[in-house]
Amino acid sequence: MIENAIQIICVYAIPLIFAITLHEAAHGWAAKKLGDDTAWILGRVTANPVPHIDPVGTVLVPGALVLMSALTGGAGFVFGWAKPVPINPRYFRHFNRDMMLTALAGPASNLLQAIAWAVVLKLVVMLGISERFVISVCAAGISVNLMLMAFNLIPIPPLDGGRILRGLLPSSGRSLLDRIEPYGMVILVVLMAGGGLGFFARPFLEAGRWLVELVL
C-alpha cells in the first residue's frame, strides 16, 4: 500500500507543481498586459516553480490529499495553491474589468494545460508508447488541471471565481462579496468538511475521465 502511495505521488508531482505554478504566472502575465507590472518586476511571471512554491499549499496539502486518496483507494479532490502573485490594481485602467480578467487568467491557464496534456497523451498513444508511468502522468495532468480550475472557479472570494463574480455584479453585489471575503477561507473549510467541494468538482472530474477515455 505504501509503495502504491509513493507511485501515485510521483505520478501527480510534476503536473501538480506546474499546474499551480503556471496558474499563478498567468495571473501576473495578465496583470502586466493590463497595466500592472508588479509581478513581472518581482520575477513572478515565470514557469520556474521555485518563486511560486508555498510549503503548505504547493507541497503539504496536495501531497497529503494525494496520499490519502492512494491509501483509501479513491479518486479524491486534489487542489493546492502557490504564493499569491502580487497585484497592484491602481495601475489598472478599468479596475473591475481588469481585476476580473486577471483572475480569469489562472483557471484559463489550467484549462489550456489540461488540453496540452491531452494532446501529449494522444501523441504518446499514436507513437505506440506503452510505458504506464508516462500515460499515468499525462492522465494526471488532465485531471489535476481540471480539478484546480474547478476549485478556483468556486464563486467565493478570495478565490478567482469570487473575483470573476465581483466583476460581473453591480455595485451592491460587489459590496456584499467584499463583506464575505474575510470569511471566505472559513466557508471553504466548511464546504470541504461537508463534501461540498467534491460535489462542485465532480463534473470537472467526469470531464477529465471522458477526455482520457476519448484519447485512449
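Contact here means heavy atoms within 4.5 Å. The structure is a predicted model, in which local features need pLDDT of at least 70, side-chain atom pairs count only at pLDDT 80 or more, and totals for chains, interfaces and linings use all residues. Residues are numbered from 1 along each chain as its sequence is written, and side-chain values use heavy atoms, with hydrogens and water left out.

A look at confidence comes first. The mean pLDDT of the protein chain is 84, and 91% of its residues reach 70 or more; pLDDT is the predictor's confidence in each residue, on a scale from 0 to 100. Among the elements of the chain, helix H2 (residues 38-41) has the highest mean pLDDT, 94, whereas helix H3 (residues 55-72) has the lowest, 73. Helices are DSSP runs of H or I with at least four residues, numbered from the N terminus. Where pLDDT is low, the predicted coordinates should not be read in detail.

Leaving aside residues up to four places away in sequence, Val-137 touches Val-11, Pro-15 and Trp-117. Its C-alpha atom is separated by 27 Å from that of Val-85, a residue 52 places apart from Val-137 along the chain.

Asn-145 also belongs to H5, which spans residues 132-152. Asn-145 counts as buried because its relative accessibility is 0%.

The loop between H5 and H6 holds Pro-158. A cis peptide bond joins Pro-157 to Pro-158, with omega at about 15°.

Helix H6 takes part in two of the helix pairs described here. Helix H4 (residues 95-126) packs with H6 at an angle of about 150°, their axes 8 Å apart. Axes are lines fitted to C-alpha atoms, for helices over the stretch in contact, and angles run from 0 to 180 degrees between N-to-C directions. H4 and H6 are therefore roughly antiparallel, a label for angles over 145 degrees, while angles under 35 degrees count as roughly parallel. Residues of H4 including Phe-95, Met-100 and Leu-104 meet residues of H6, among them Asp-160, Ile-164 and Leu-168.

The axes of H6 (residues 160-168) and helix H7 (residues 171-180) come within 8 Å and cross at roughly 155°. That makes H6 roughly antiparallel to H7. Here Gly-162, Leu-165 and Arg-166 in H6 meet Arg-174, Leu-177 and Asp-178 in H7.

H4 also pairs with helix H9 (residues 196-215): their axes come within 9 Å and cross at roughly 25°. That makes H4 roughly parallel to H9. On the H4 side the contact is made by Ala-114, Ala-118, Leu-121, Lys-122 and Val-125, and on the H9 side by Leu-211, Val-212 and Val-215.

How values were computed
Buried means under 20% relative accessible area, exposed over 50%, partly exposed in between (1.4 Å probe, protein chains only). Angles under 35 degrees count as roughly parallel, over 145 as roughly antiparallel, 65 to 115 as roughly perpendicular and the rest as oblique.
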